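Thanks for coming, everyone. Please take a look at the structure on the screen, and I will walk you through it.

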Amino acid sequence: MKNNNKEEQTSKQEFLFDGINYKILLIGIGVIALGFILMSGGGSNDPNVFNEDVFNFRRIRLAPTTVLIGFGITIYSIFKKSK
């Protein structure tokens, strides 16, 4: 009887978080990826020509803010209590 009970306990596997935590975590990872996509581009084909697009609003303000918001969302998903 005791041996059978131990097998049942070991076969049950619980996740560390609830499903909502994983959904919020995936949303946070998506927001981080979006921020890095917003940072990309702005290069020049000719190395002797400087491209001013490096200093536009999207790459200097919007993309880093988006990445930081994504990190905040992922941290929230980790610290959110399960019910």
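**Surface, helices and contacts**

Let me start with the surface. The chain has an accessible surface of about 7,100 Å². Carbon and sulfur atoms account for 63% of that area. Keep in mind that this is a predicted model.

How much of the chain is buried? The chain has 83 residues, and buried residues make up 16% of them.

Now the fold. There are three helices and zero strands. Reading from the N terminus, the order is α-α-α.

Next, contacts along the sequence. Take contacts between residues at least 6 apart in sequence. Of these, 69% join residues at least 24 apart.

On to the annotation. Which residues does UniProt list under "transmembrane region"? The record, an unreviewed entry, gives residues 20-40 and residues 60-79.

Residues 20-40 are 95% helix and 0% strand. The end C-alpha atoms of that span are 31 Å apart. Residues 60-79 are 100% helix, again with 0% strand. For that span, the end C-alpha atoms lie 29 Å apart.

Let's stay with helix α3, which covers residues 57-79. I want to show you two of its residues.

Take Thr-74, which sits in helix α3. Is Thr-74 buried or exposed? Its relative accessibility is 10%, so Thr-74 counts as buried. The cut-off for buried is under 20%. What does Thr-74 touch, beyond its neighbours within four places in sequence? The contacts are Leu-25, Gly-28, Ile-29 and Ile-32.

Now compare Phe-79, also placed in helix α3. Phe-79 has a relative accessible area of 66%, so it is exposed. The cut-off there is over 50%.

Phe-79 also belongs to a nonpolar patch on the surface.

Last stop, the aromatic rings. How many aromatic pairs are there? The count comes to one. That pair is Phe-50 with Phe-55.

I am happy to take questions.

Note on methods:
Residues are numbered from 1 along each chain as its sequence is written. This is a predicted model: local features need pLDDT of at least 70, side-chain atom pairs count only at pLDDT 80 or more; totals for chains, interfaces and linings use all residues. Side-chain values use heavy atoms; hydrogens and water are left out. Rings of Phe, Tyr and Trp (its six-membered ring) pair if their centres lie within 6.5 Å; planes under 30 degrees apart count as stacked, over 60 as edge-to-face and the rest as tilted. UniProt positions are given in the numbering used here, feature names are shortened, and annotations may be inferred rather than shown by experiment. Helices (H or I, at least four residues) and strands (E, at least two) are DSSP runs, numbered from the N terminus. Patches are made of residues with over 30% relative accessible area and no salt bridge: like charges are joined within 9 Å, nonpolar side chains (Val, Leu, Ile, Met, Phe, Trp, Tyr) within 5 Å. Accessible areas come from the Shrake-Rupley method with a 1.4 Å probe; for residues, only the protein chains shown count as cover. A salt bridge is a side-chain nitrogen of Lys or Arg within 4 Å of a carboxyl oxygen of Asp or Glu. Buried means under 20% relative accessible area, exposed over 50%, partly exposed in between (1.4 Å probe, protein chains only). Contact means heavy atoms within 4.5 Å.
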